[in-house]
Amino acid sequence: MRSLSHGYSALVLGASGGIGQAFRWQLEMDAGCGKVVCLSRRDDAFDVTDEDSVLRAADRMKSEAFDLIVCATGALTINGLGPEKSLRQISQHLMMAQFALNAIGHALILKHFVPLLARRKRVIFAVLSARVGSIGDNALGGWISYRSSKAALNQIVHTAAIEVNRTNPSSLLVTVHPGTVKTDLSAPFASGHKRFEPNDAARRILEMLDGLTPDRTGGFFAYDGTAIAW
Ligand SMILES: NC(=O)c1ccc[n+]([C@@H]2O[C@H](COP(=O)([O-])OP(=O)(O)OC[C@H]3O[C@@H](n4cnc5c(N)ncnc54)[C@H](OP(=O)(O)O)[C@@H]3O)[C@@H](O)[C@H]2O)c1
């Protein structure tokens, strides 16, 4: 990424997922990137619904100063329970699980990993959200738990961005809609939808982040850089 210092160091959270693996690949291919560190539940027992687990993972990296952190953790189906089509299908357990992972878990990630960002220089912390988390863009209904957990995530990252900007005006903290991407997450809902290859999605997102200036911090962007309504 040209906007980061040469030899920059990057951290991929959720590196075992479809888009997370693609981020890893794209960053390892980038000649300007000096180091890519990866973390995942599968390989490192990094469970974002357990604060001790998030704390332990961050603590193991406390000597690092990352220029770029991309977070690709999240779920649409949890323990076999997919998104609701109607109010009748709301399950307290599914909704709590969606919030524990997609919203609160990401607040814990910000709490413990923002201190691992490099100081006084351009840094980027990008968290994957979803366009369906937009209230302004919601014309279809359904998927209440996932939508609302992503809306909460957008607010969490926006609020964190304001705080981080006070100590580092060159910081950029954003949420990103990756598009519909060919991964396990989207597979059950793919019928009739064009899906991007994960490598294309990751490449486009990194290019888009590269072009964002710090005054856009706190924003919610699609993979092509267009701002999405809250
Ligand atoms: N694919 C799409 O079309 C699409 C569209 C819009 C938004 N998104 C968003 O993009 C992100 C990545 O999605 P994806 O398509 O790459 O999904 P994916 O292939 O299912 O990957 C999900 C990732 O999240 C991790 N994860 C799940 N629960 C976790 C937990 N409790 N603690 C830590 N890690 C956990 C998984 O870890 P393990 O595999 O190691 O368990 C995996 O690395 C998600 O936030 C999703 O909402 C995706």
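This is a predicted model: local features need pLDDT of at least 70, side-chain atom pairs count only at pLDDT 80 or more; totals for chains, interfaces and linings use all residues.
Let me start with Lys-150, which is found in helix α5, the helix that covers residues 144-167; helices here are DSSP runs of H or I with at least four residues, strands are runs of E with at least two, and both are numbered from the N terminus. Residues are numbered from 1 along each chain as its sequence is written, and side-chain values use heavy atoms, with hydrogens and water left out.

Is Lys-150 buried or exposed? Lys-150 has a relative accessible area of 3%, so it counts as buried, where buried means under 20%, exposed means over 50%, and partly exposed is in between, with a 1.4 Å probe and protein chains only. Leaving aside residues up to four places away in sequence, Lys-150 touches Asn-102, Leu-128, Ser-129, Ala-130 and Gly-133, and a contact here means heavy atoms within 4.5 Å. Asn-102 is 48 residues from Lys-150 in sequence, and yet their C-alpha atoms are 6.3 Å apart in space.

Let me turn to two residues from earlier in the chain. Ser-53 sits in helix α3, residues 51-60, and is buried with a relative accessible area of 3%; beyond residues up to four places away in sequence, its contacts are Ala-45, Phe-46 and Asp-47. Gly-17, in the loop between β1 (8-13) and α1 (18-29), counts as partly exposed at 22% relative accessibility. Between Gly-17 and Gly-225 there are 208 residues of separation in sequence and 23 Å in space, C-alpha to C-alpha.

Now for the cysteines. How many disulfides does the structure hold? The structure holds zero, a disulfide being a pair of cysteine sulfur atoms within 2.5 Å. Cys-38 is in no disulfide, and the nearest cysteine sulfur, that of Cys-33, is 9.8 Å away. For Cys-71, the closest cysteine sulfur is in Cys-38, at 13 Å, which is too far for a bond. Cys-38 counts as buried at 18% relative accessibility, and Cys-71 is also buried, at 1%.

Finally, let us look at the whole protein chain. It has six helices and six strands, which follow the pattern β-α-β-α-α-β-α-β-α-β-α-β along the sequence. Its radius of gyration is 17 Å, which agrees with the value near 17 Å that a compact globule of 230 residues would have; this radius is taken over C-alpha atoms, and the globule rule is 2.2 Å times the number of residues to the power 0.38. Along its principal axes, the C-alpha trace spans about 50 × 35 × 30 Å. Of the 230 residues, 50% count as buried, and among contacts between residues at least 6 apart in sequence, 72% join residues at least 24 apart.
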